[in-house]
Amino acid sequence: MHDRLTYDYAIIRVVPKVEREEFVNVGVIVSCASSRFLEARIELDEQRLLAIDATLDLTTIRDYLAAIPIVCAGGKQAGSIGQLPQRERFHWLVAPRSTMIQTSRVHTGRCDHLPAIIEHLLNTMVRPLRTTHSAMTTEPTGGYEQPK
């Protein structure tokens, strides 16, 4: 039996107008120092972003987001940041910013398989929630709908 892996992660967000504090989750960054793992996956839902701000420059946002996985991979193509050790690149990526591209605070978890946890985080934190036909009743109960 193998030991479970401890990893850190942050959710990548696009905040179109920082002063309004509205955002859309667009990806995840996962780091596991013991496995020398640092990976980011981006899934940009442009329609969700445009619903918040129809004036967005989506080309610029795509370009900024595309740089995140490159920094995770490291190397010359990532510029001077890409020359840093993996853990330092993670900390640089998740450092607090007041710009259009931000990350959540860092969270810690444990798992058996790092690529699977990325998929899980995308499903639970980034991809739109899917409803089921019988998920909610129509009778109000104190300001919210009661699950069946």
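User: In this predicted model, what share of the contacts with a separation of 6 or more comes from residues 24 or more positions apart?
Analyst: The model is predicted, and its chain has 148 residues, of which 34% count as buried. Among the contacts in the chain with a separation of 6 or more, the part supplied by residues 24 or more positions apart is 60%.

User: What pattern do the secondary structure elements follow along the sequence?
Analyst: The chain comprises 4 helices and 7 strands. Read along the sequence, these elements give the pattern β-β-β-α-α-α-β-β-α-β-β.

User: Is Asp53 buried or exposed?
Analyst: Asp53 is found in the loop between helix H1 (46-52) and helix H2 (58-73). Its relative accessibility is 7%, and the cut-off for burial is under 20%. Asp53 therefore counts as buried.

User: Which residues does Asp53 contact, leaving aside its neighbours within four places in sequence?
Analyst: The side chain of Asp53 makes a polar contact of 2.5 Å with the side chain of Thr55. Another polar contact, of 2.8 Å, joins the side chains of Asp53 and Lys17. Once neighbours within four places in sequence are left aside, the residues in contact with Asp53 are Pro16 and Lys17.

User: How many disulfides does a search of the whole structure find?
Analyst: Cys72 counts as buried, at 2% relative accessibility. For Cys111, the closest cysteine sulfur is that of Cys32, and the separation is too far for a bond. The search of the whole structure gives a disulfide count of 0.

User: How many residues apart in sequence are the parts tied together by Arg4 and Asp112?
Analyst: Arg4 and Asp112 form a salt bridge, with their closest N and O atoms 3.7 Å apart. Arg4 lies in the segment before strand S1 (5-14) and Asp112 in the loop between strand S5 (107-111) and helix H4 (114-126), so the parts that the pair ties together are separated in sequence by 108 residues.

User: What is the relative accessibility of Asp112?
Analyst: Its salt-bridge partner Arg4 is partly exposed, with a relative accessible area of 42%. Asp112 also counts as partly exposed, and its relative accessibility is 43%.

User: Which elements are tied together by Glu119 and Arg41?
Analyst: The side chains of Glu119 and Arg41 meet in a salt bridge, at 3.2 Å from N to O. The two residues belong to parts 78 residues apart in sequence, so the elements tied together are helix H4, which holds Glu119, and strand S3 (residues 37-42), which holds Arg41.

User: Which residues do salt bridges that share partners join into one network?
Analyst: Glu119 forms a salt bridge with Arg127, the closest N and O atoms being 2.6 Å apart, and Glu119 also meets Arg41 in a salt bridge. Glu119 is partly exposed at 31%, as are Arg41 at 28% and Arg127 at 21%. The network joined by shared partners consists of Arg41, Glu43, Glu119 and Arg127.

User: To what number does the count of salt bridges come?
Analyst: Side chains of opposite charge can pair when their charged atoms come close. The salt bridges include that of Arg4 with Asp112 and that of Arg127 with Glu119. The count of salt bridges comes to 9.

Terms used: Residues numbered from 1 in each chain as written. Predicted model: local features only at pLDDT ≥ 70, side-chain atom pairs only at ≥ 80, totals over all residues. Heavy atoms only, no water. Buried < 20%, exposed > 50% of the residue type's maximum accessible area, 1.4 Å probe, protein only. Polar contact = N/O pair within 3.5 Å; in protein donor to acceptor, adjacent residues only side chain to side chain. Contact = heavy atoms within 4.5 Å. Disulfide = S-S within 2.5 Å. Salt bridge = Lys/Arg side-chain N within 4 Å of Asp/Glu carboxyl O.
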